[in-house]
Each structure stands twice: as C-alpha cells, then as structure tokens.
Amino acid sequence: MTPGPPAARTDSYYGRPVIKAPAWSAQDIAGYFFLGGLAGAGSVLAAGAQLTGRTTTARALKVSSLAAVGLSAAALVHDLGRPSRFGHMLRVFKPTSPMSMGSWLLSAYGPAVGAAALTSVTGRLPRTGAAATAAAALLGPALATYTAVLAADTAVPAWHGAHRELPYLFAASATAAASGMALLTGPPRENAPARYAAVFAAVAEDTAFRAAERRLGSVAVTYREGRAGKLMRAARTLTAAGTAGAVLFGHRSRPAAAAAGLALLAGSACTRFGVFAAGIASAEDPAHTVGPQREALERRRTTPAQGKEPR
C-alpha cells in the first residue's frame, strides 16, 4: 500500500511566532474598544429616548457617552505615548485605512456628543442640541464598530479570520453596554426600550460569536482557553444574567435595574477584553498562524475549480 501524504505540520522556524503580536496595551486598547462602543451605542439610544419623551434617560445617556468617548480618547492617546501623535494621524484622510477613518470619526463624534450633552444639561439652545443629538446618533454605529474593522484589518488570526462577524459582535456588545447604562442611570418608568435592546443584544452577540467560531476553525480555541476563555465565559454569564434581570425585575425597582445594568456593562467589557486577549494569544502561538494557512492551502488543492469536473 502506498503511504499517504505526511500530516500537515503546524510548527514554525524554531517554534517562533510567524507574525509579530500587536504592541498594544490591553488596558488601553481593549478599554478603547469598550468605551468607544458604549459611547456610540449610547448616542443611538439617547436619540431614541429623546424622541419618545424619556428625557431623564436621554440626558443621562448623552452625559455618559461624552464621558465614555473622553476616556476612550485618553486611552488611545496613552497607548500612542504622546498626544501629538493623535494629531499627526489627522494629517491624512485615507478612506481605505481603518485607523485614518477612525481618527477622523472620533474627531467628528466628540464635538457632536459634547454639544448634545451640554445643551441637554443646561437646557439652552434646544435646536442646536437636537441637531447635535442627531449627528451623534448617526456617527454612533460607526464609532461602535470601526474598532472591529481596525482589528480585523491586521494579520492576527483570531481577528482577521473573523473579519465578517467581528463588527456584528462589537455592535451587539456595544448595544448591551448602552442598554446597561440606560438601566443604571435612568428611572424604571423609562427603561422599557433599554430592556428590549438588552434582549436583542444578548441574542445577537451569541449568534455572532458562534458564527465567528465556526469560521475560525482551529483558531477558535484561542477564544476558549487561557485568559480569553475566562473572559468570554464571564461575558456570556454576565450578559445572560443582566438580560434576565432587566426583563424580570428591571421595571419594578431601581436597584434591580441598576444591578442588571452593571451586569450588562461588565459583560460587554469582558467581551472586548476577551476578543483582545484571544487575538494576542493567536499571534503568539505559531500553530494558530501556520495551521490555518496550511488548512486553506489544502482546501484549495482538494476543492475542484468552479466549472470543472474533478479528475
């Protein structure tokens, strides 16, 4: 019997990583991912609350979004090392670069959410406030998801391999965080939309994550093991608990709504930090880089070309 081909190896030269892991700080950049999502999705919920007469919740979400985007920008600048480097990023407007577009997006969103929050708190210039609220809500979804595009645009296997699902995962996680903030800061009589949004976010996040795992194949193990695995399991538990608490008890008492909101916020943070940790783990282990490449080559070799019969 003719021996079959040797098993595909997943090692690399002297066991060294095939790619260089990002030099990003987990505290800064994962925090940047989380806070940006909270701010962006919060602006969308704030606009909805404003339109439906939930003024207390709308004001709270505008202020929290302003605080979140401020902290997000601070985390980014801290990771860059010098504030001037952020200004240098605005020298170029490059639509094909997620980093360039993200810098301009952050620069446009900040003044809009700032004006929305200031006019809401002071009660002055209502028309300016309405326009700023609308502008922040329009930019919010892009702010909440562009970091997923930024991460997926790298060669990091756990991020790039899930480039189609990662924006949906980030959008759902951001919605969960914004729902949690609305439950935490708004009165129970106004939190019905936040409770519904929490349910939608929990289902969407679980669906997107499962789809990402299927697409990643063997690389999906980086989301199940080590620090990333602990964070992702904590995220699922906290999001499920927060959603259940919001639906069952969120409309009955403020403490129950606040507890559910905190769980949703913590779950969203764990998701962002878990995704970051999985990416670093996949870049540092050569098996997660060489293996998927060999698997893809093997699939292309064994799959018949479209329109041709296999030999």
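Buried means under 20% relative accessible area, exposed means over 50%, and partly exposed lies in between (1.4 Å probe, protein chains only). The model is predicted, so local features need pLDDT of at least 70 and side-chain atom pairs count only at pLDDT 80 or more, while totals for chains, interfaces and linings use all residues. Residues are numbered from 1 along each chain as its sequence is written, and side-chain values use heavy atoms, with hydrogens and water left out.

**Exercise 1.** Determine whether glutamate 213 is buried or exposed, and find which side chain it meets in a salt bridge.

*Solution.* Begin with the location: glutamate 213 belongs to helix H8 (residues 192-216), helices being DSSP runs of H or I with at least four residues, numbered from the N terminus. Next, its relative accessible area of 18% makes glutamate 213 buried. Finally, its side chain forms a salt bridge with that of arginine 224 (3.2 Å, N to O), a term for a side-chain nitrogen of Lys or Arg within 4 Å of a carboxyl oxygen of Asp or Glu. Because arginine 224 sits in the loop between H8 and helix H9 (226-249), the pair ties together parts that are 11 residues apart in sequence.

Terms used:
Helices (H or I, at least four residues) and strands (E, at least two) are DSSP runs, numbered from the N terminus.
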